[in-house]
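Please work through the following exercises with the sequence and the model at hand. Each task is followed by a stepwise solution.

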Amino acid sequence: MADQQAGSVANTPASEPKKQSRAGRNLPAAIAVGVALGGSVIAILLFAPHVWVAVVAAAMAVATHEVVRRLREGGYSVPVVPLLIGGQAMVWLTWPFGAAGALGGFGGTVVLCLIWRLLSGGLAAAPANYTRDVSVTIFLAAWIPLFGAFGALLIYPDDGAGRVFCLMLGVVASDIGGYTAGVLFGKHPMVPAISPKKSWEGLSGSLVLGIVVSMLSVQFLLDKPAWVGVPLGIMLVITGTLGDLVESQVKRDLGIKDMGTLLPGHGGLMDRIDSVLPSAVATWIVLTLLA
């Protein structure tokens, strides 16, 4: 989602290919992939909601591998095996143990990664750049599988499918509202040093549509008071926007455009779910406390 949400300032070079969006994407391919992903999620939530946990687990493995590969290309030594195993533990342990399972899986993953990196060069040699690499590894363990585990946690209550729908609809509404307002009215860049195409006007559009859709989602999907959608919508817009910006900064540090090439028109899977991951945490917190 980074660089394609239109909190964008409308300014497209005339030489750009016609099929490219304002974010420089192949728009028909991006739409086709988006529709396919959205349709798959809807079908799973309607007909086999607990399969959602397997979907989250698979997505976390793919996204983790994408980012680790990019970090290794950038010179970081990140232990992929314990990250992948630990990421699966974080997600699957939510099934019997809830949030405690995710937290326990995260703690175990951190310990395993610390030891793995320490011994990566053998007992006779001290590893180079140990502090840098383990810091990045712990950040990655929280950023992808731990945040993703909160997405899995949403499905377990009786109205779990509705909670996941609230997450997805809120994120999509924020993205659409930001894109529309950014294209039509975007003149004031929000954070030009990180993502020059995001505008304050786009953020305003995200807030308006994100809150409205969240209010309707909470009321009609969860049968909860509409006002619960107000803090939910605000949190989804904030976390979704920050999720975009965090990934944009990571890619800027690494000097890359996308994390991968898995999804035509979108880049890698991580490029598609960068705003969903922190938004899953926000959704779980708001709906657990207020709904």
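Helices (H or I, at least four residues) and strands (E, at least two) are DSSP runs, numbered from the N terminus. The model is predicted, so local features need pLDDT of at least 70 and side-chain atom pairs count only at pLDDT 80 or more, whereas totals for chains, interfaces and linings use all residues. Residues are numbered from 1 along each chain as its sequence is written, and side-chain values use heavy atoms, with hydrogens and water left out.

**Exercise 1.** Determine the helix content of residues 228-246 and of residues 205-222.

Solution. UniProt, in an unreviewed entry, lists both ranges under "transmembrane region"; such annotations may be inferred rather than shown by experiment. Residues 228-246 are 95% helix and 0% strand, with end C-alpha atoms 27 Å apart. For residues 205-222 the values are 94% helix, 0% strand and 25 Å.

**Exercise 2.** Identify the residues that touch the most other members of the largest nonpolar core.

Solution. A nonpolar core joins buried (under 20% relative accessible area) Ala, Val, Leu, Ile, Met, Phe, Trp, Tyr and Cys residues through side-chain atoms within 4.5 Å. This core has 58 residues, and those touching the most other members are Met60, Val67, Leu140, Trp143, Ile144, Met270 and Ile273. Helix α6 (residues 130-153) supplies the largest share, 11 residues. Beyond four places in sequence, Val67 is in contact (heavy atoms within 4.5 Å) with Leu140, Trp143, Ile144, Met259 and Met270.

**Exercise 3.** Classify Ile285 as buried, partly exposed or exposed.

Solution. Ile285 lies in helix α11. Its relative accessible area is 39%; exposed requires over 50%, and partly exposed is the range between the two limits (1.4 Å probe, protein chains only). Ile285 is therefore partly exposed.
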